[in-house]
Amino acid sequence: MEETTEGGGGGGGGGRTNNEDGGGEVAVVVSRSERQVLPREDLGAGEREEPRITWGHANTNTAFFREDAPTNVTAIVGHKASLPCHVVNLGKKEVSWIRQRDLHILTVGIYTYTSDDRFKVYHPEKSDQWYLEISSVTFRDAGVYECQVSASPKISLPIMLSVEVQQARIEGPAEVYIQKGSTIRLTCRVNTHSENVGAVTWFRDTHRLDYDSPRGGVSVEIEKTPSRTTSKLFITRAMRTDVGNYTCVPQFADAASVQVHVVNGEESAAVHTAGSPSARSDGRAVCVLLMLAMMLSRR
């Protein structure tokens, strides 16, 4: 059986072969757990083909992709994305990166073929790594990028790039009622795929909080993990002048705000009573009784 592989700069990941023994066109479907050849008609009428991976053959002298590299990458708006492609036994073959959305050839070897200077290849010397790097990522950059090797047959590895916005979130309700003299505790979390969200600054209304102000009692704790940055604001001995809109502003993420009210003990009880389910039920009952009284008076 003689096989001929379709060419093309930005074709699908799995590739197709023509079977001259009468078997018809087939689609090569490859996953990390298994490799199999499925008849073309088994894909289903009208079903859209997903980008497919052609890993190549390990333990041979031909080029192949290392299977331990991720095929899904998440980047943050404004940050750099790095898409991995590890090729073993490359020899004198060329590695190319193609944007599948428009089949644009972005790079060939170490050379860039796009006017968008945010794209470049990072290839450590004497390594099998060919990273496509995109600086200052935008939402439009999301999609599939294909790493191809000009072997015979061609092998290709699609990498899915997802783009997200870092978003701060202050735990608890949008309005917080603090008893006078107690401690204001606000916790701001930033879920992120980047270890660096920049400095996290707190504001009350339009004024940046001064941790060394004459008022005293204002402090912040920062906790950082690979997946989350947490900033905790503490203001002891809450007083009326502490009332306001508190905003957590990370340098590389969208801000989050909460309204803080400082009340006396009796006022706090009144606030909770007015917002309780029983109070709302009583209010609805009074409205119903008033409506009935008005209807009866018209008769």
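At 33% relative accessibility, Asn 89 counts as partly exposed, a class that lies between buried (under 20% relative accessible area) and exposed (over 50%), with a 1.4 Å probe and protein chains only. Asn 89 sits in the loop between strand S7 (87–88) and strand S8 (95–99), and its phi is near 60°, a positive value in a residue other than glycine. The model is predicted, so local features need pLDDT of at least 70 and side-chain atom pairs count only at pLDDT 80 or more, while totals for chains, interfaces and linings use all residues. Residues are numbered from 1 along each chain as its sequence is written, and side-chain values use heavy atoms, with hydrogens and water left out. Strands are DSSP runs of E of at least two residues, numbered from the N terminus.

**Loops and a nonpolar patch**

A positive phi is also found at Leu 103, where the value is near 55° in a residue other than glycine. Leu 103 lies in the loop between S8 and strand S9 (104–108).

Ile 105, Ile 110, Tyr 111 and Tyr 113 make a nonpolar surface patch of about 450 Å². Patches consist of residues with over 30% relative accessible area and no salt bridge, nonpolar side chains (Val, Leu, Ile, Met, Phe, Trp, Tyr) being joined within 5 Å and like charges within 9 Å. The areas come from the Shrake-Rupley method with a 1.4 Å probe, and for residues only the protein chains shown count as cover. Tyr 113 belongs to the loop between strand S10 (111–112) and strand S11 (119–122); its relative accessible area of 49% makes it partly exposed.

**Strand pairing**

Strand S21 (residues 228–235) has 6 of its 8 residues buried, so it is largely enclosed by the rest of the structure. Strand S17 (residues 184–191) runs antiparallel to S21 and is joined to it by 8 bridges; two strands pair if DSSP finds at least two bridges between them. Within this pairing, Arg 189 has Thr 230 in S21 as its bridge partner. Strand S20 (residues 218–225) also pairs with S21 in the antiparallel sense, over 8 bridges, and Ile 222 stands opposite Ser 231 in S21. S20 and S21 form a hairpin with 2 residues between them.

An open sheet of 5 strands has the order S16-S23-S22-S18-S19, with mixed pairing. Its edge strands are strand S16 (175–179) and strand S19 (207–208), each of which pairs on one side only. Strand S22 (residues 244–250) and strand S23 (residues 256–263) run antiparallel and are joined by 5 bridges; Tyr 246 has Val 258 in S23 as its bridge partner.

**Charged side chains**

A salt bridge is a side-chain nitrogen of Lys or Arg within 4 Å of a carboxyl oxygen of Asp or Glu. By this rule the count comes to 10 salt bridges. The table gives examples.

| Salt bridge | Closest N and O atoms |
|---|---|
| Asp 128 and Arg 66 | 3.8 Å |
| Arg 204 and Asp 205 | 4.0 Å |
| Arg 215 and Asp 242 | 2.7 Å |

Arg 215 lies in the loop between S19 and S20 and Asp 242 in the loop between S21 and S22, so this pair ties together parts that are 27 residues apart in sequence. Arg 215 is partly exposed at 25% relative accessibility, whereas Asp 242 counts as buried at 5%. Salt bridges that share partners join Arg 66, Asp 68 and Asp 128 into one network.

In the salt bridge of Asp 128 with Arg 66, the closest N and O atoms are 3.8 Å apart. Asp 128 is in the loop between S11 and strand S12 (131–134) and Arg 66 in the loop between strand S4 (64–65) and strand S5 (72–76), so the pair ties together parts that are 62 residues apart in sequence. Arg 66 is partly exposed, at 29% relative accessibility. Arg 204 is partly exposed at 24% relative accessibility, as is Asp 205 with a relative accessible area of 39%.

Glu 146, in strand S13 (residues 143–149), is buried yet has no salt bridge; Lys 154, the nearest side chain of opposite charge, is 4.8 Å away. Charge is assigned by counting Lys and Arg as positive and Asp and Glu as negative, with His and the chain ends not counted. The side chains of Glu 146 and Gln 148 are joined by a polar contact of 2.5 Å. A polar contact is a pair of N or O atoms within 3.5 Å; within protein, one must be able to donate a hydrogen and the other to accept it, and residues adjacent in sequence count only if both atoms are side-chain atoms.

How values were computed
Helix = DSSP H or I, 4+ residues; strand = E, 2+ residues; numbered from the N terminus.
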